[in-house]
Each structure stands twice: as structure tokens, then as C-alpha cells.
Amino acid sequence: MITSPSIFISYAKEDAIVARRLANTLSTKNVKLWIDTDSLLPGEEWDREIRKAIRSSDFFIALLSKKSVNKKGYVQKEIREAIEVRNELPEGKRFILPARVDDCQTPFEILKKLHWVDLFPEWDVGVNKLLLAIGVQQSINDTVTSNAAKCEKQKRPKLKVNLSNDSVDLLKKLHDESGISQAEAVRRSLALLEFSSSKSTSDLEIVDDDGEISRIIFI
């Protein structure tokens, strides 16, 4: 994964709204973003700065639409510059990330060989794939699984049982003499302690203070 990757967004002015939306999303991630409306400063030689930005970027996102691919303009020059940069990179290195705004076809043969991502009809799915390619986000499935596990853990109540000295001694004796696990010793001792529970031993957490069983937590 690249640390704070730099990203160049190439687009035609007809797709400025989509480019801005994408830029706003990427700006919330750990990336260095280059988009002309924000990155070009007054007095700079824009042609030179654009070429320099493309060559210094880790990724080049080419927003493609029926309007942009069939239009003469600077966006075509940007893509040609990006293709030159890609040709200088090691084989298999990701650099140009074609992102379609609609069901268009590109006139560039090299882009036809690259896997595209569609930002339609599901914007979030397409953007997530871009973020995966850039290396700044987990897959949707991994994220959902991770979040679900965190929520489940937060929802489970915790019950602390403070034990008397006699009860602690009983648990330690059962544990030491039988060789069974502490959790299993607790489970078998619940009846003796006149404490009933339907929870499984996997839900038990033994709190060991300086080698002494001080309390039991049901997670």
C-alpha cells in the first residue's frame, strides 16, 4: 500500500460535476489530490504544471464519458501524457485508472486493454473499486464484516461476578487439581457457587490479578 498516494483527476469540462464529486470523496481519504480547479495557482503556466503533475502522480484517474471521448480538447492530451508515463513504468504497474461516467467507448487502444471501473449506475460501488486500486480502503465485504463484529461485541452485555475469598480458593483448587481450563473450572463451579448461567464457556473471561483469580466477566 502506498502511503498518501498522489492522484491526478483528468476530465472534460462537461464532466466537471462528476469530477468535483469524486474529488470531494477522495479528499476525505489519505491521498494527495491534484485537480485543476483546486491545484492550479494564479500566474502558473498551466500546461507545464499539468504535465508535471501527471508525471509526479502515483495514479491517473481518467474520467471517461460519451462527451469527453468524442471531443477534441486538452483532456485527450492529458491521457496521451499519462500513456507515455505508463509506458515508462514496470510491466504490470497500475497507473491509469479508467473510470466511466456513462456507457462510452474509448478511442485509445491502450485503455481498451485496461480493466475499467463504472461509476454508474452504482456510484458507491465504483468509487470503492477505485479506492481499492489506489490502496486506501478495504473491500466492502471486509469492511462490513469488521463493522458487524465490532457492533456485535459492543451489544453484548458484560456481567461481573465478584468472588469471595472462599469461592476463589475453591476455583483455584478445582483448576489446579483437575488440570482443566480456568473457564471450565468456573463453569463446573457455578452450581457450587449457587450461580446459574446459560452462557457458554466461550463467553467467559477470567480476570487474573497478579496470578489470583479475582473476578469473572461474562461477555
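User: I'm new to this one, so what is a cavity, and what makes a residue part of the lining?

Analyst: A cavity is a set of grid points where a 1.4 Å probe fits but cannot get out, and lining residues have an atom within 4 Å of a point. Keep in mind that this is a predicted model.

User: Okay, how many cavities of 30 Å³ or more does the structure hold?

Analyst: One. The space in the largest cavity comes to about 30 Å³.

User: Which residues line the largest cavity?

Analyst: You'll find L64, S68, V69, V75, Q76, I79, P107 and F108 around it. Two elements give two or more residues to that lining: α4 (66–69) and α5 (74–88).

User: Which element gives the most to the lining?

Analyst: That's α5, which puts in three residues.

User: And how does the lining of the largest cavity split by class?

Analyst: Six residues are nonpolar and two are polar, with no charged ones.

User: Switching to pockets, what volume does the largest pocket have?

Analyst: About 210 Å³. Its lining has 15 residues, and those nearest the pocket centre are Y11, D36, Y74, V75 and E78. The elements giving two or more residues to this lining are β1 (6–10) and α5.

User: How do the residues lining the largest pocket divide by class?

Analyst: Eight are nonpolar, two are polar and five are charged.

User: What about α1 and α7, at what angle do they cross?

Analyst: Roughly 55°, with the axes of α1 (residues 16–26) and α7 (residues 123–134) coming within 12 Å.

User: Is their crossing left-handed or right-handed?

Analyst: Right-handed. V18, R21, L22, T25 and L26 from α1 meet W123, V127, L130, L131 and I134 from α7. In that contact, eight residues are nonpolar, one is polar and one is charged.

User: Last topic: where is there a cis peptide bond?

Analyst: Between F120 and P121, with omega at about -5°. Most peptide bonds are trans.

User: Where does P121 sit?

Analyst: P121 is in the loop that runs between β5 (117–118) and α7.

Note on methods
Residues numbered from 1 in each chain as written. Predicted model: local features only at pLDDT ≥ 70, side-chain atom pairs only at ≥ 80, totals over all residues. Heavy atoms only, no water. 1 Å grid on protein atoms, 1.4 Å probe; cavity = no way out; pocket = protein on both sides within 12 Å on 5 of 7 lines; lining within 4 Å. Points joined across faces, edges and corners; volume = space filled by probe spheres on them. Helix = DSSP H or I, 4+ residues; strand = E, 2+ residues; numbered from the N terminus. Nonpolar A, V, L, I, M, F, W, Y, C, P; charged D, E, K, R; others polar. Axes fitted to C-alpha atoms, helices over the stretch in contact; angles between N-to-C directions. Left-handed = near helix turned anticlockwise from the far one by under 90°. Contact = heavy atoms within 4.5 Å.
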